[in-house]
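User: I would like to go through this model with you. Could we start once it is on display?
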Amino acid sequence: MMRAAVLAGVGSCLPACAVSNEDLAKRLETSDEWIRSRTGIRQRYFAEPGTATSDLAAGAGVRALKSAGLSAVDLVVLATTTPDRPCPATAPTVASLLGLPGVAAFDVSAVCSGFLYALAAAAGLIATGGYATALVIGSETFSTILDPSDRTTMVIFGDGAGAVVLRAGTPDEPGALESFDLGSDGDGRDLITVRAGGSEQRLSGRQPQAGDAYFAMAGREVFWRAVQRMRESARSALDRAGRVPGDVDRLVCHQANLRILKALAHELGIAPERCVGNIAEVGNTAAASIPLALDHAHAAGRIAAGERLLLTAFGGGLTWGSAVLTWPQLPIG
Ligand code: ACO
């Protein structure tokens, strides 16, 4: 029998501080009505000073390990847009916080598609026999790169972390990852970006502009690309698994915008009641979004063992990705 990566645990972690739309409307020219109707978001969480991406990642990791009934893994892959530092990677810090000395640990940078890239990398390392268990985490303190005066991004993004445990198993087991699709288009790098802080601007000789240190997104231009790329990627992952949209019990999209999610489900021919998400409660948490949505849906009993899941994401890079799997029997809480 072929070897496959099997999902064996899930967990998440949110900062203590929830920030409502009304809270933001006190500081910015916006309203609860605009945010809800344009994005579906009611609130998001912002990490307190002193809480780093690695802290949230470790919190999610502890819960995912507990859910898998494991105390250790031999690989940690962290997807994040907001690493603790530009150098070194944050995954080794997370491994240390989790008491996993000596394990392989690396970061993946693909913005909102990061978790699916990380999942594919870890699943590949398990399937080829090099590793037996892996912790795959998406974690963000996105609030640290938002321009506090930019209403177009402040209302959308939030902080949090989600994690899954993968273990070596067989393709016919519940939890087995059936297929992936990943893609990118670097020509769109300016549409979702932080311009400063990298080699490009440092080597250009020009003085950095104040706003360049902040995250910027051309939301309107990205909207339909997100729908189109996720639709094509989702179909391609389903094709590779020998499946069609009718085989999907639950669609779990990157929680970018409720309107995008509805448009995507419609274009794929997947009924709205088969879509699982938590954007209203946590906003867009970038690389953390899919594992956070998985953990919340699992805890709420909105995903059942044996159901076939289609995961799909789109983000900066531009990047996109999809995965198909069945949900395993996991403890709740
Ligand atoms: N409050 C009130 N008004 C606002 C706000 C706000 N927070 N933000 C923008 N507006 C205004 C705009 O100024 C604009 O006014 P104008 O018509 O006078 O110019 C009007 O509202 C409409 O603005 P749009 O940008 O057209 O609003 P839209 O309906 O497109 O919603 C949004 C914006 C939510 C960003 C949407 O475009 C979106 O979700 N885009 C896709 C995001 C995405 O998928 N990104 C990729 C993944 S995320 C990642 O990779 C990090």
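User: How many salt bridges does the rule find across the interface of domain 1 and domain 2?
Analyst: The rule finds one salt bridge across that interface, where a salt bridge is a side-chain nitrogen of Lys or Arg within 4 Å of a carboxyl oxygen of Asp or Glu. Please note that this is a predicted model, in which local features need pLDDT of at least 70, side-chain atom pairs count only at pLDDT 80 or more, and totals for chains, interfaces and linings use all residues. Residues are numbered from 1 along each chain as its sequence is written, and side-chain values use heavy atoms, with hydrogens and water left out.

User: Where are the bounds of the two domains?
Analyst: Domain 1 covers 4-169 and domain 2 covers 177-326; the bounds come from an automatic or database domain assignment. The centres of the two domains, taken over C-alpha atoms, are separated by 14 Å.

User: How many residues of each domain are in contact?
Analyst: On the domain 1 side 46 residues are in contact with 44 residues of domain 2, contact meaning heavy atoms within 4.5 Å.

User: And what area do they bury?
Analyst: Domain 1 and domain 2 bury about 3,500 Å² between them, with 68% of it on carbon and sulfur atoms. Buried area here is the accessible area (1.4 Å probe) that two parts lose on being put together, summed over both.

User: Which three residues of domain 1 supply more of its buried area than any other three?
Analyst: They are Cys 112, Leu 116 and Tyr 117, which supply 18% of the area that domain 1 buries against domain 2.

User: How many residue pairs are in polar contact between the domains?
Analyst: The count is 19 residue pairs, both residues being at pLDDT 80 or more. A polar contact is a pair of N or O atoms within 3.5 Å; within protein, one must be able to donate a hydrogen and the other to accept it, and residues adjacent in sequence count only if both atoms are side-chain atoms.

User: Which elements of domain 1 give two or more residues to that side?
Analyst: They are β1 (4-13), α2 (32-39), β3 (43-45), α5 (114-127), β6 (133-140) and β7 (160-169). Helices (H or I, at least four residues) and strands (E, at least two) are DSSP runs, numbered from the N terminus. Helix α5 gives the most, with six residues.

User: Turning to the ligand, which residues are closest?
Analyst: The closest are Thr 30, Arg 38, Cys 112, Arg 220 and Asn 257, among 29 residues that surround the ligand; a residue counts as near if one of its heavy atoms lies within 4 Å.

User: What are the polar distances there?
Analyst: An N or O atom in the side chain of Arg 220 is 2.6 Å from an oxygen atom of the ligand. For Arg 38, a polar side-chain atom lies 2.7 Å from a ligand oxygen atom, and for Asn 257 a polar side-chain atom lies 2.7 Å from an oxygen atom of the ligand.

User: Back to salt bridges: what is the count by this rule?
Analyst: The count comes to 12.

User: Which peptide bonds are cis?
Analyst: Among them is the bond from Cys 87 to Pro 88, with omega near 0 degrees; Pro 88 is in the loop between β4 (75-79) and α4 (91-97). The bond from Gly 317 to Leu 318 is also cis, with omega near -10 degrees, and Leu 318 is in the loop between β13 (308-315) and β14 (319-326).
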